[in-house]
Amino acid sequence: MSGTESVVVDHATKNFTLRYHRTFKQMTVAAVRRENISDTFRAVDDVSFTIEQGESVALMGLNGSGKSTLLKLINGVMRPESGSVLTRGRIAGLIATGAGFHPQLTGRENVFLNAAVMGMSEAETRRKFDDIAEFAELGKFLDSPVGHYSSGMSARLGFSVAIHVDSDIFLADEVLAVGDKPFKEKCIERMQEIRKSGRTLIYVSHAPGTVRKMCDRVIVLEKGRVGFDGGTIAGIRYVKYEDERLDEEQIEDDEIGADI
């Protein structure tokens with residue numbers, strides 16, 4: 001990697017195995033009948049691109065196109081079967097609602113657990129705890145088990161921890177899919193601050209208005225492969241497959257938080 005490269009994805013491929021039968025008996029019967037008991041699904045298929053430090057990039061595409069899997073490869077949660085994914089610096093962000101939380105621990109305890117997973121020291125977490133709690137807006141529920149939280153509450157807490165990590169790369173997936181509009185707008189505002197700070201931002205979304213506001217580049221995945229890599233407006237139009245005329249004025253900001 002050169003000094004200006006933040007993420008380098010080089011011919012990365014990730015496969016998953018789909019099993020058609022769950023029990024040993026079902027698998028045995030299927031084997032006797034010479035039926036397939038499993039199949040390999042290629043979620044990310046020979047993907048290559050480079051993201052420079054400070055770029056804001058949206059990953060777009062239809063459901064099942066491989067966006068979230070690719071984000072997990074970048075985050076290091078998964079490793080590719082072939083090819084490579086290289087990153088520079090500390091990575092933070094929310095790649096799944098409630099990821100890294102222990103359901104039996106309170107929100108307060110999970111703040112320290114989640115922060116430690118993201119590389120924050122206990123002293124750093126204590127120093128930032130009040131800001132994290134204030135941003136999450138959970139009030140008395142901060143001392144309740146996370147297992148009792150709604151998906152929106154878990155997203156609030158997860159995003160709040162991630163946004164307070166001093167990172168070089170910030171990943172956002174499903175961050176804005178839940179919660180009320182004021183909180184979503186607050187998340188967008190904080191992500192704008194990340195963007196302006198010179199950190200690398202990678203944002204998975206179906207919401208054209210938010211993508212246009214947040215990103216200067218769009219990568220579109222189609223069945224695990226890169227179908228488009230270029231400017232924001234052109235990328236949004238590509239996702240729409242030109243089935244409608246999509247003028248810039250039509251890309252409304254009220255799509256904030258569209259289902260990811």
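How far does the backbone nitrogen of His102 lie from a polar atom of the side chain of Asn110? The distance is 2.7 Å. This is a predicted model, in which local features need pLDDT of at least 70, side-chain atom pairs count only at pLDDT 80 or more, and totals for chains, interfaces and linings use all residues. Residues are numbered from 1 along each chain as its sequence is written, and side-chain values use heavy atoms, without hydrogens and water.

View 1. Asn110 sits in helix H3, residues 107-117 (helices are DSSP runs of H or I with at least four residues, strands runs of E with at least two, numbered from the N terminus). Asn110 is buried, with a relative accessible area of 0% (buried means under 20%, with a 1.4 Å probe and protein chains only). Not counting residues up to four places away in sequence, Asn110 touches Gly100, Phe101, His102, Leu105 and Val146 (contact means heavy atoms within 4.5 Å).

**View 2. The nonpolar cores.** The largest nonpolar core has 41 residues (a core is a set of buried Ala, Val, Leu, Ile, Met, Phe, Trp, Tyr and Cys residues joined through side-chain atoms within 4.5 Å). Helix H5 (residues 151-163) gives the largest share of this core, 6 residues. Another core, of 22 residues, lies apart from it and includes Val7, Ala12, Ile91 and Leu171. Within the largest core, the residues with the most contacts are Met60, Leu157, Phe159, Phe170, Met191 and Val211.

Key: Buried < 20%, exposed > 50% of the residue type's maximum accessible area, 1.4 Å probe, protein only. Polar contact = N/O pair within 3.5 Å; in protein donor to acceptor, adjacent residues only side chain to side chain.
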